[in-house]
Every structure is written in C-alpha cells, then in structure tokens.
Amino acid sequence: MRMSTTMIGALSITATLFASAAPVWADGEVNIYSYRQPDLIQPLLDAFTKETGITTNVLFLDKGLVERIQAEGANSPADVILTVDISRLTEAKDAGVTQPVANETINKDIPAHFRDPDGNWFGLTTRGRVVYASKERVTENDITYEELADPKWKGKICTRDGQHSYNIGLFASMVAHHGEAEAEKWLTGLRNNLAKKPDGGDRDQAKAILAGECDLAIGNTYYVGLMMTNEKEPEQKEWAAAIKVLFPNSKDRGTHVNISGMALAKNAPNKDNAIKLMEFLSEGEAQKIYAEQVFEYPVLPGAEPSEIVKSFGTIKPDTLPLADIAANRKKASELVDKVGYNDGPQD
C-alpha cells in the first residue's frame with residue numbers, strides 16, 4: 001500500500017506514542033484514530049488547535065481500526081474515533097471500543113436521529129448515495145433506486161464493489177424498505193444491468209461515464225465536489241463535468257443518506273481534551289468547515305451546505321432511521337454474495 005506523506009507522518013507520530021507500554025500523556029494533546037483521510041480533516045483540526053491550543057495527533061487506517069484498538073487494550077492511545085459510515089460507528093460500539101458521552105452541547109447540536117441512543121456515537125455530516133448520470137446520453141432528470149433494476153438500463157450501469165460499506169448501506173436500506181425477498185430481486189436486476197464487474201471507487205465510476213463505458217453510476221455526493229475542485233489531478237474535473245447528479249426517490253421516500261461520525265474511545269487517556277474536540281466538531285465553525293472542505297451536508301440544524309453542493313440540486317433525505325440500516329447490513333452483505341453481484345452481469 002502506497003502511503004501519503006501525511007499518512008507516514010501520522011504513523012510516525014503514533015510510533016512515538018507507542019514507545020512505552022504505559023506512556024505519560026501531555027496535557028495539551030488529543031489522539032485521533034481516523035477512517036477519514038488526514039487531508040480531509042486537517043482544516044478542522046487546525047481550527048480546533050487554533051481555538052484551544054490542544055495538539056492533535058492522527059492515525060489514519062482505512063482498515064482494521066477497531067481491531068487495532070482492541071489489540072492495544074487498556075493502554076490504547078486512542079481518544080476519539082472518526083469514521084465515514086454508520087456501519088463503522090456501530091461496529092466500534094458493538095466491539096466495545098467506545099464509551100457513552102452525555103454532553104449538553106453535543107446533544108443540542110446533533111439531532112437525535114443522528115446519534116446513538118446510548119451516546120456511543122454521533123453523526124457529524126451526511127452524504128447522499130446518488131446516481132451519477134451522463135449529461136450527454138441520459139435525458140432523465142428523475143430516477144428511483146428501484147428503476148436501476150429496469151432492463152432498459154442493461155449494460156449501462158457502473159458501481160464499485162458491492163461489499164463496500166457505502167453500497168451495503170444502500171442495499172440495507174432497500175432490505176428495510178422492501179423486505180429481503182424483494183431486495184434480492186432488485187439486486188439481481190441491478191447486477192444484470194451492470195456494464196462490467198464492479199471495481200474502483202466512486203470517482204472511477206464518473207471516469208467510466210466520461211469514457212462511455214456506462215451511462216449511470218452509484219456514488220456519494222461529496223465525491224462530485226472533490227472532483228470539481230481537484231487541482232492536483234485536474235483530469236478529475238473532466239470526470240465531474242461529464243455527469244449530473246440525480247437524487248433518487250426525490251418524489252417519494254427520499255434519497256438514501258449515510259453519515260460520517262465520531263465516538264469517544266473506551267480507554268481515552270485524554271478524555272477531557274477528547275470531549276472538547278467532540279464539542280468543537282458538533283458546533284457551527286467545524287460544521288461550516290466540513291461543508292466547505294468535504295462537500296457534505298452538515299447535521300447542525302440551520303447550517304448550510306457549500307455552494308458547490310447546492311449546485312447539485314436539493315436533496316430530500318430518506319427518513320429511514322440509521323438503526324434500521326445498521327440492522328439490515330448483514331442481510332444486505334449476504335445478498336451481495338448470494339446473487340453474485342461482484343461477478344458482474346450474468347445474462
């Protein structure tokens with residue numbers, strides 16, 4: 001795995017933190033274990049340090065974060081866990097690596113349906129799981145998830161791996177709305193409409209649309225903003241320019257949304273600083289930075305998304321409780337394997 005300079009730096013920091021079995025912690029630090037890439041959250045952490053004087057140390061892990069904390073046990077340096085999906089929040093809670101937080105500021109800022117009833121996790125932003133459609137070849141401006149299984153789209157759809165957490169969240173919502181049997185039929189239809197085997201990330205699906213490999217794709221809203229503003233890889237601007245964002249089911253139940261979120265680690269050695277960071281992330285300044293930098297929808301009532309996100313159109317979020325999605329994830333994962341989704345179209 002190729003590591004970015006930021007990631008290498010994060011690992012170096014963590015190596016220092018682990019130098020002793022029972023390290024002595026400085027008063028002015030907070031240690032963050034993150035599924036979110038460091039460059040996406042750094043503006044938030046810089047603002048937090050500027051306001052509080054507390055130094056932030058970040059360990060980025062795209063896999064195995066919970067297992068890492070479990071292995072470290074009582075001496076784990078983790079204070080705050082940042083994740084990119086409801087599944088990883090519930091996974092952390094179920095694995096026993098979080099602890100409940102009862103905080104007036106956080107509970108005031110984050111609506112109840114975006115936080116764990118027991119206080120073990122809190123949503124920070126939402127993102128829609130939407131349809132990317134070719135501006136050139138797709139005339140429709142409205143679509144439903146159910147329509148993605150319509151044979152008229154045969155050979156026209158691209159997605160990433162069906163077992164990826166972003167897709168499992170969507171598929172779990174279909175199980176919750178329609179039941180397991182109907183969700184299986186739908187997933188089979190979607191599989192048969194694929195242009196190729198699922199691969200790559202959400203941005204790769206937009207690239208495939210530009211290349212003419214498919215007309216529709218499933219992706220998160222924030223990737224469109226990241227592509228539109230990517231100066232390091234300007235070709236991504238061309239990918240974004242080739243697509244329009246369709247918000248599925250906008251005329252009925254609404255578009256499936258997922259969350260990024262945070263949790264307090266079970267053995268947080270810098271608990272007071274961790275709570276300060278969690279409060280900061282729930283409040284207006286951080287929510288604004290999230291909206292502008294990461295192109296997601298703030299959970300803080302009244303906070304506005306960025307102008308770029310507004311340009312996609314108006315999202316009507318599905319009101320399905322996140323707990324229902326989490327409860328159906330195992331079934332959704334089983335269905336992906338059952339229908340051979342990752343094998344691609346079969347007829």
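## The disulfide

The link between Cys-158 and Cys-214 is left-handed, with -115° about the S-S bond. In this predicted model, the two sulfurs of Cys-158 and Cys-214 sit 2.2 Å apart, and a disulfide here is a pair of cysteine sulfur atoms within 2.5 Å.

The partners come from distant parts of the chain, 56 residues apart. Cys-158 belongs to strand S6 (residues 157–158), while Cys-214 is in the loop between helix H8 (202–210) and strand S7 (216–220). Both Cys-158 and Cys-214 are buried, that is, under 20% relative accessible area with a 1.4 Å probe, protein chains only (exposed is over 50%, partly exposed in between).

## The overall fold

The protein chain has 15 helices and 10 strands; these are DSSP runs, H or I of at least four residues for helices and E of at least two for strands, numbered from the N terminus. Along its principal axes, the C-alpha trace spans about 60 × 40 × 40 Å.

Of the 347 residues, 55% are buried. Take the contacts (heavy atoms within 4.5 Å) with a separation of 6 or more: 80% of them are between residues 24 or more positions apart.

## How to read the numbers

Residues are numbered from 1 along each chain as its sequence is written, and side-chain values use heavy atoms, leaving out hydrogens and water. Because the model is predicted, local features need pLDDT of at least 70 and side-chain atom pairs count only at pLDDT 80 or more, while totals for chains, interfaces and linings use all residues.
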